[in-house]
Amino acid sequence: MADIIQLLPDHVANQIAAGEVVQRPASVVKELLENAIDAGADTIKLIIKDAGKTLVQVIDNGKGMSPTDARLSFERHATSKIKSAEDLFQLHTKGFRGEALASIAAIAHVELKTKQASNDVGNALVIEGSQVVSQDVVVTPTGTSVAVKNLFFNIPARRNFLKSDTVELRHVVDEFYRVALAHPSISFVMYNNGSESFNLPISNYRQRIVNIFGNKTNEKLVPVDEDTEVLNVSGFVGKPEFAKKSRGEQYFFVNDRFIKSAYLNHAIASAFEGLLKPGMHASYFLNLQVDPQSIDINIHPTKTEIKFDDEHTLYAILRAAVKHSLGQFNIAPVLDFERDPNLDTPYNYKETVISTPKVEVDRSFNPFKDASQPSVTSTQRSSHTSSFSRQEGHKSSSDWEGLYVGLESKSNESVVDFSEVEFESEEETLSIFNGDHQVEQTHTTYQLHKKYIVSTIKSGMLIIDQFRAHQRVLYEEFLRNMTSREGVSQQLLFPLQLHFSPQDIDIVNQLKADLEHTGFVFSNVDEELVEITGVPVNVPESEVSIILEQLISDVEHEVPDSNFSATDLLAKSMAKSLAIKTGQSLQKDEQEHLVNKLFACKDPNVSPANRVTFVTMSVDELDKKFI
Ligand code: ADP
Ligand code: MG
């Protein structure tokens, strides 16, 4: 039989390799920025058009390339950075595989201009889909400019796979942050669609962080500095009170290279133990310098993962270093006292208004009344107390019901439902217990594990997921308010000032109109500050920053499809932030209120994220289990 194996042509091999190296415009940004740094540049300009889909260009003032090198740089495995396998363990450069430019040229239109300081003129090269279109002599400054246009022009499937411009730009900016944070001694400028997004002069590390994340960041940073034989740690951690709900600003650099490491992240989290509210994440910007021989960066094609020889020691040192800093700057007790969680103030507590305790008087109580008719008293007392507490503002239930204030105008009938349910259940009690157990009070709902609400229905039993159900309720209410533009606003006594990175501010600006329809009032949005003077009535002031953070992070991670809408995303995000969570115990009336609200929804069966909100079990099914 004839031989069937053949070598793939270079351009095909390059396209396949490109699949590993280039996933999206941000991958190109990373490779080009790293090449510029390896070339010794101290000024680097990044130009982006249409989130990098149309253009990614990097201009550096590094050492440039000779005309031959310029041509060779696009060959696969063409690198000036290593000569033998041993060099892999002594890496001082970012690149070493020699496949980035070859891969990029296989799937885009590339224009390279480069000149070495010793030459008067430079070289221009145009390559499209691995084919050299032209190579000419040009006048160009010392250094290199690489323009990558029309990414994936020859692989439509990959191009279609790219996310919205917002998402792709977010990835580009993330990559830019990582490189810029690792190199404060290099000046970076970034232009996006013709306007300057960042201008980062050469500076120290603290200043670089502040230049990227905004002036307010300065006061949040606690320095970390620890020099040991195996590891040198330097950088900053964010003070606990500035921790975020999303893992935004968490950066590890090992030998000036950004890496991801869940294990080392855990070391930081454990250093912050007891200082953060549950679910919050500290920010950090930490540089680890280790002997290049003790790491292997070769295990991942995009080089964000790394293998350390002795991870356990690194973990211990890192944890100790961060703890030490937090202690030194009076942020944590230096001695590690066991904390009694009961002494911790609950999250919302400090914002709540303290009200004087109220004495509830049962006006209908008559000590001389015939004790053989307790059931009537019980019913009266129960209904009386519940309306009493609602009018007088019983703290826990009014807090919770506050979530519905202003949303209720159109559906008051559910409140009526609720009182009917209450009487019904009392009657049931009577018939079951025949008045013997007058103190026994059964209701139609029951909360299970602070997670589910169990209720009886005609055919049997209903089990509702409280978090999902409440999300559905709020989601529909928010959508209604946004589309009819009649979200009710509650004026804040003092304007609320929230600080965000310029990137996050962009997102706030995009969503501002929709947010206003829900009831937010913005008095000012500038480069890094949002000032809010009004919030939707159903949003507690203490939750505002969490809602906005969650929203920003949702927009960033949004997977756009054809029917994506900002309004819908906002409604979903706010519903998620504000819904009662698993783990929250609910009073009977709250449970019933939620059940009624859920079934008043247009689509009660699923949560906004399309997950089942409730299941039912019929008496027949139950009977079968008892056979
Ligand atoms: P690697 O960076 O892994 O060596 P690349 O494909 O990214 O592989 O680049 C190939 C070679 O092209 C580099 O080794 C370097 O010699 C040269 N090169 C790429 N970009 C630049 C630049 N901006 N300035 C100078 N030389 C460059
Ligand atoms: Mg490279």
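## Group meeting: a walk through the model

Strand β2, residues 55–60, pairs with β6 in the antiparallel sense, over six bridges. That is where I want to start. One caution before going on: this is a predicted model.

Stay with β6 for a moment. The strand covers residues 143–149. Six of its seven residues are buried, so β6 is mostly covered, with buried meaning under 20% relative accessible area. Now its other partner. Strand β3, residues 109–115, runs antiparallel to β6, and seven bridges join the two. Which residue of β6 is the bridge partner of Ile59? It is Ser145. Lys113 also has Ser145 in β6 as its bridge partner.

Now the whole protein. There are 627 residues, and 46% of them count as buried. The secondary structure comes to 18 helices and 22 strands. The accessible surface is about 32400 Å². Carbon and sulfur atoms hold 52% of that surface.

Next, a sheet. Five strands form an open sheet with mixed pairing, in the order β9-β10-β13-β11-β12. The edges are β9, residues 221–227, and β12, residues 257–259, and each of these pairs on one side only. From one strand to the next, the twist averages 20 degrees.

Strand β11, residues 250–254, runs antiparallel to β12, and three bridges join them. Phe252 stands opposite Ile259 of β12.

Two helices to pick out here. Helix α7, residues 205–213, lies across β9, β10, β11 and β13. Its angle to β13 is about 145 degrees. Helix α9, residues 311–328, lies across β9, β10, β11 and β13 too. For α9 the quoted angle is to β9, at about 135 degrees.

On to the aromatics. The structure holds 15 aromatic pairs. Take Phe176 and Phe198. What kind of pair do they make? Their ring centres are 5.3 Å apart and their planes sit at 35 degrees, so the pair is tilted. Phe176 is in helix α6, residues 165–182, and Phe198 is in strand β8, residues 195–200.

Compare Phe253 and Phe258. Their ring centres are 6.0 Å apart, with the planes at 70 degrees, so this pair is edge-to-face. Phe253 and Phe258 are both buried. The two pairs belong to one cluster. Ring pairs link Phe176, Tyr177, Phe188, Phe198, Phe213, Tyr251, Phe253, Phe258 and Phe285.

Gln591 comes first. This residue lies in helix α17, residues 588–599. Gln591 counts as buried because its relative accessibility is 2%. What does its side chain contact? It makes a polar contact with the side chain of Thr445, at 2.9 Å. Leaving out residues up to four places away in sequence, Gln591 touches Thr445, Tyr446, Gln447, Ile453 and Leu586.

Then Thr533, in strand β21, residues 529–536. Its relative accessibility is 17%. The cut-off for buried is under 20%, so Thr533 counts as buried. With neighbours within four places in sequence set aside, Thr533 is in contact with Gln490, Gln491, Leu492, Pro495, Val521 and Ser523.

Finally Lys572, in helix α16, residues 566–578. At 30% relative accessibility, this lysine counts as partly exposed. Where is Leu474 relative to Lys572? The two are 98 residues apart in sequence, yet 8.4 Å apart in space, C-alpha to C-alpha. As for contacts, Lys572 meets Tyr475 and Pro608, leaving aside neighbours within four places in sequence.

Note on methods: Residues are numbered from 1 along each chain as its sequence is written. Chains are lettered from A and ligands numbered from 1 in the order in which they are written. This is a predicted model: local features need pLDDT of at least 70, side-chain atom pairs count only at pLDDT 80 or more; totals for chains, interfaces and linings use all residues. Side-chain values use heavy atoms; hydrogens and water are left out. Helices (H or I, at least four residues) and strands (E, at least two) are DSSP runs, numbered from the N terminus. Buried means under 20% relative accessible area, exposed over 50%, partly exposed in between (1.4 Å probe, protein chains only). Accessible areas come from the Shrake-Rupley method with a 1.4 Å probe; for residues, only the protein chains shown count as cover. Two strands pair if DSSP finds at least two bridges between them. Axes are lines fitted to C-alpha atoms, for helices over the stretch in contact, and angles run from 0 to 180 degrees between N-to-C directions. Contact means heavy atoms within 4.5 Å. Rings of Phe, Tyr and Trp (its six-membered ring) pair if their centres lie within 6.5 Å; planes under 30 degrees apart count as stacked, over 60 as edge-to-face and the rest as tilted. A polar contact is a pair of N or O atoms within 3.5 Å; within protein, one must be able to donate a hydrogen and the other to accept it, and residues adjacent in sequence count only if both atoms are side-chain atoms.
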